[in-house]
Amino acid sequence: MNRKLIDIIEVVDYWASEENSFSMYIDVNEPTCWACGQGWEGRHDVIRGSYKRGWRKAPLQICHIVPKSLGGEDHPKNLVLMCKECHDLAPNTTIPDIMFQWMAKQSYLKRLMAKIELTLSEFDISHSEFEALTKLSSDSAFKEWSLKHSGIHWPQSGYSGLGTKMTVSTYVGLLKHYSDMNAL
């Protein structure tokens, strides 16, 4: 069976010209996850030239609204673009409205804040202590010390779409350790 694969640009072009049910304005010059809005700090924005290159390079996945395993079609009207994390978390149902409602409520920033909150609790850091640690983070002595005691994390299976980065747990752990060490 010779089946044509859908190109990401077909999905972008379809939804950019259609009113969508997932409350996302699709700017063809700024590739983002259509669920959480993650935009990778403008890394794939179209500055000059064709928008197609930016969308093809962005770490987005073509996702079925109604999964193929539940009878969904490989047609742009049944496809959206999401980051890997959203794709992994998305509902699997034959009811498109469930997917659209879920997509409309996603937020990359809310998810990041939840990860930070969790990490603070894992290191037993109160909100007032975090404020002090935030100020400490701009201290040149801390910056120099942290470079000697940290590394860049390689994400598993390209999960983040950003390549290497310092994890929240590394950064918060270093701040807490440095603060405790210097409080003695």
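Modeller: The protein exposes about 11,500 Å². Carbon and sulfur atoms supply 53% of that area. Keep in mind that this is a predicted model.

Start with the setting. The protein has eight helices and two strands. Along the sequence, the order is α-α-β-β-α-α-α-α-α-α. Of the 184 residues, 35% are buried. Take the contacts with a separation of 6 or more: 57% of them are between residues 24 or more positions apart.

Now the salt bridges. The structure holds nine of them. Here are some, one by one.

Begin with Asp7 and Arg56. Their closest N and O atoms are 2.9 Å apart. How covered are the two partners? Asp7 has a relative accessible area of 27%, so it counts as partly exposed. Arg56 is partly exposed as well, at 48%.

Next, look at Arg111 and Glu85. The closest N and O atoms in this salt bridge are 3.9 Å apart. The pair links distant parts of the chain. Arg111 sits in helix α5 (residues 108–122) and Glu85 in helix α3 (residues 84–89), 26 residues apart. Both Arg111 and Glu85 are buried.

Then turn to Asp180 and Lys176, a salt bridge with its closest N and O atoms 3.8 Å apart. Both residues lie in helix α8 (residues 168–183). They are four residues apart, so about one helical turn separates them. Asp180 is partly exposed, with a relative accessible area of 38%. Lys176 is at 17%, and buried means under 20%, so Lys176 counts as buried.

Last, a look at the strands. Strand β1 (residues 61–64) and β2 run antiparallel, joined by four bridges. Gln61 stands opposite Met82 in β2. In a regular strand, side chains alternate between the two faces of the sheet. Strand β2 covers residues 79–82. Leu79 and Leu81 point one way from β2, and Val80 and Met82 point the other way. All four of these residues are buried.

How values were computed. Residues are numbered from 1 along each chain as its sequence is written. This is a predicted model: local features need pLDDT of at least 70, side-chain atom pairs count only at pLDDT 80 or more; totals for chains, interfaces and linings use all residues. Side-chain values use heavy atoms; hydrogens and water are left out. Buried means under 20% relative accessible area, exposed over 50%, partly exposed in between (1.4 Å probe, protein chains only). Contact means heavy atoms within 4.5 Å. Accessible areas come from the Shrake-Rupley method with a 1.4 Å probe; for residues, only the protein chains shown count as cover. Two strands pair if DSSP finds at least two bridges between them. A salt bridge is a side-chain nitrogen of Lys or Arg within 4 Å of a carboxyl oxygen of Asp or Glu.
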